[in-house]
Amino acid sequence: MPDLELIKNLSEAFGVSGEETAVRKIVLNAIKEHVTDIHIDSIGNLTAFKKGTGEQKLRVMIAAHMDEIGFMVTGHDSNGLLKFTNVGGVDDRILPALRVRVGPDGMPGVILWTPIHKNHDQNVTKLSSLRIDIGVSSKSAAESKAKRGTRVTFDSEFSMVGDNVMRGKAFDDRTGCSLLIELLRGGPYPVDIVAAFTVQEEIGLRGARIAAQRLNPDVAIVLETTTAHDIPLADADPDDANTPNPGCKQGLGPVFTVMDRSMIAPPHLLAFLRQVGEQHEIPHQLKTALGGGTDAGRIHLSNAGIPSMVISMPARYIHAPRAQLRCDDYDNSLRLVQAALMDITPQIVSREATL
Ligand SMILES: [Zn+2]
């Protein structure tokens, strides 16, 4: 079973890209007894070292990003409403009437759309004409409560639905952070681990680049959540074989990326992951959807090139207030990464082995 207390704390923490301090504190407290060489770099990545048994001479970077998508205050109307913009990918269609938290102290706000009486058509209201209402009625009051640049998150609490389904905000990628924390608490592993809790992934994979360059690992594993496309489409039957390939589904275990917009997985490492899954009888699935990218997109191009793998948990409704992830998918992802760390060798990582 996942550490639900840890996931709840991580999920509810305020951590829109560039403002990851609260998440970093939770991570730091959770790992400090289990690692050495804790370092916070110039951009805000938290990195740490976990020494292996020495059986394998391999330095494995494992990365998960601390930041979440959200919003930023960009201005103030004369009537006290806040103008805002998105930080990372947000779908305008989910915004009207949404509850939000403004600033690290969590001032409650609600998104309204103006002018409400003119919205008789069916068009999606663009973010630029939406406002956040924090309950004040003058520009000066709004300015003093939420300065330009203040970050805004979804107002969403962690919850369990039954005993196998977690819901909450920012599962992308706080559940990845939680997986990494649980890995660091475990072990020892035959390999050395350099852990990177990265920043600013959602706005262009920025922290990972700096972390990878400094840590200079032999190989990297990125822990992520990815979109489960197993929901009914508007005019298609999800059980119909002719429905376009959904990418991945809930309940079928960790997802290995074959290719996305940021990286093509090295075939020999992909084969290794599949072999680990089969040998240890851990369910797993492949993702070939081209959309999206991950920290691996930067890591694999760092220094002289760092072979990288992406292992994701299939979650519904990411980049929205209530993402949904199954505990069995989380547990199987943890088992898969643990098994991979036990089995990986320098020979497996080397391209020469494929000749
Ligand atoms: Zn992510």
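## Strand pairing, domains and helix packing

Strands S10 and S11 (residues 165-168) pair in the antiparallel sense over three bridges; here two strands count as paired if DSSP finds at least two bridges between them, and strands (E, at least two residues) and helices (H or I, at least four residues) are DSSP runs numbered from the N terminus. The model is predicted, with local features requiring a pLDDT of at least 70 and side-chain atom pairs counted only at pLDDT 80 or more, while totals for chains, interfaces and linings use all residues. Residue numbers start from 1 along each chain as its sequence is written.

**The S10-S11-S17 sheet**

The pairing of S10 with S11, in which Met160 lies opposite Met166 of S11, belongs to an open sheet of three strands, ordered S10-S11-S17 and paired antiparallel. Strand S10 (159-161) and strand S17 (323-326) are at the edges with a single partner strand each, so one side of each is left without a neighbour in the sheet. From one strand to the next the twist averages 30°, where axes are lines fitted to C-alpha atoms, for helices over the stretch in contact, and angles run from 0 to 180 degrees between N-to-C directions. Helix H8 (residues 327-343) packs on this sheet and touches S11 and S17, with a direction about 65° from that of S17; residues are in contact if their C-beta atoms, placed from the backbone, lie within 7 Å.

**Two domains**

The protein is divided into domain 1 (4-68 + 169-354) and domain 2 (71-154), with bounds that come from an automatic or database domain assignment. The centres of domain 1 and domain 2, taken over C-alpha atoms, are 32 Å apart, and twelve residues of domain 1 are in contact with twelve residues of domain 2. On the side of domain 1 that touches domain 2 there are six nonpolar, two polar and four charged residues; in this classification Ala, Val, Leu, Ile, Met, Phe, Trp, Tyr, Cys and Pro are nonpolar, Asp, Glu, Lys and Arg are charged, and the others, Gly among them, are polar.

**Further antiparallel strand pairs**

The following table lists further pairs.

| Strand | Partner strand | Bridges |
|---|---|---|
| S6 (residues 99-102) | S7 (residues 107-113) | four bridges |
| S7 | S8 (residues 130-133) | four bridges |
| S4 (residues 70-76) | S5 (residues 82-87) | six bridges |
| S4 | S9 (residues 151-154) | two bridges |

Within the hairpin of S6 and S7, which has four residues between the strands, Gly103 adopts a positive phi near 80°, and Val102 stands opposite Met107 in S7. S7 also pairs with S8, where Ile111 is opposite Ile132 in S8. The hairpin of S4 and S5 has five residues between the strands, with Gly80 at a positive phi near 90°, and Met72 has Thr85 in S5 as its bridge partner. On S4 as it pairs with S9, Phe71 faces Val152 in S9 as the opposite residue.

**Helices H6 and H8**

Helix H6 (residues 267-279) packs with H8 at an angle of about 110°, the axes being 10 Å apart. H6 and H8 are therefore roughly perpendicular to each other, given that angles under 35 degrees count as roughly parallel, over 145 as roughly antiparallel, 65 to 115 as roughly perpendicular and the rest as oblique. H6 passes H8 in a right-handed crossing, a term that applies if the near helix is turned clockwise from the far one by less than a right angle, anticlockwise being left-handed. Leu273, Val276 and Gly277 of H6 make the contact with Leu336, Ala339, Ala340 and Asp343 of H8, and by class this contact has five nonpolar, one polar and one charged residues.

Definitions and conventions:
Two residues are in contact if their C-beta atoms, placed from the backbone, lie within 7 Å.
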